[in-house]
Amino acid sequence: MEAAVKSKEAALSLNVSQTTIKRWASYYPAVFRKDRFGHYMFNNRDLELLGFIKAAIERGETMEQIKLPAPGMEQPRLDEAFLETAASSELLRTADDDMLTRILQVEQRLEQKADEVVNAQIRQHREELEELRRMIEQLAASVEYARQPLPSMDGLRKNEAETKAPAANSPRKRGLFRSMFIWF
């Protein structure tokens, strides 16, 4: 009995995604069967057919145009298709590496920009908190001042008399400059 592999291993061996393998298999339900749990299990022949599908798609054929050989028929020649696939996959790997590098650079720039935005927001919040703290201190000082008892009326009159008395004793002299413009 042949060893069966799951869609993940089949995807790794063909260098495609697991979703792609499942999509191909679901397009040909008579050829690719599921186990009792609803999972695809692929034997060697199934893997060859999946390789045939991959090569046909890379040549530009659509799923509707791909005709899989019947089980009793001659096996498709995959050697040439695999060679073409290997050459194109090497080009794809370098393109993938370049694309991955670009994606990583964009992600790094995005993280840096996000950090800058967060730092700016933190600075702004700190300034707002400092302003609120100053306002609270001013309010606390006002409340303390309001809590102090008012001086008695006798004390106010005495203070008022003391401050007015010295001013009344010494008359101010007008300067020459002021006396010239008194009419205006």
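This is a predicted model: local features need pLDDT of at least 70, side-chain atom pairs count only at pLDDT 80 or more; totals for chains, interfaces and linings use all residues.
Which side chains meet in a salt bridge at 2.1 Å, N to O? Select Glu130 and Arg133: their side chains form this contact.

**Stop 1**

Keep Glu130 and Arg133 on display. The two are three residues apart in helix α4, which means that about one helical turn separates them. In an α-helix there are 3.6 residues a turn, so residues three or four places apart point the same way. Glu130 is partly exposed, because its relative accessibility is 31%; Arg133 is likewise classed as partly exposed, at 38%.

The relative accessible area of Arg134 is 42%, so Arg134 counts as partly exposed.

The side chain of Glu137 meets that of Arg133 in a salt bridge of 2.3 Å, N to O. Glu137 and Arg133 are four residues apart in helix α4, again about one turn. Glu137 is partly exposed, with a relative accessible area of 45%.

The structure holds five salt bridges.

**Stop 2: a nonpolar patch**

Select Leu129, Leu132 and Met135, which make a nonpolar surface patch of about 300 Å². Leu129 is located in helix α4, which runs over residues 79–147. Because the relative accessible area of Leu129 is 58%, over the 50% limit, this residue is exposed.

**Stop 3: helix α3 and its ends**

Move to residues 44–58, the 15 residues of helix α3. At 1.5 Å a residue the helix should span 21 Å, and its end C-alpha atoms are 21 Å apart, so the two values agree.

At the N-terminal end, select Asn43 and Arg45. Asn43 caps α3 here: one of its side-chain oxygens lies 3.2 Å from the backbone nitrogen of Arg45. Arg45 is also one of the buried residues of α3. Others to colour in that buried set include Asp46, Leu49, Leu50, Phe52, Ile53 and Lys54.

Key
Residues are numbered from 1 along each chain as its sequence is written. Side-chain values use heavy atoms; hydrogens and water are left out. The expected span of a helix is 1.5 Å times one less than its number of residues. Buried means under 20% relative accessible area, exposed over 50%, partly exposed in between (1.4 Å probe, protein chains only). A polar contact is a pair of N or O atoms within 3.5 Å; within protein, one must be able to donate a hydrogen and the other to accept it, and residues adjacent in sequence count only if both atoms are side-chain atoms. Patches are made of residues with over 30% relative accessible area and no salt bridge: like charges are joined within 9 Å, nonpolar side chains (Val, Leu, Ile, Met, Phe, Trp, Tyr) within 5 Å. Accessible areas come from the Shrake-Rupley method with a 1.4 Å probe; for residues, only the protein chains shown count as cover. A salt bridge is a side-chain nitrogen of Lys or Arg within 4 Å of a carboxyl oxygen of Asp or Glu.
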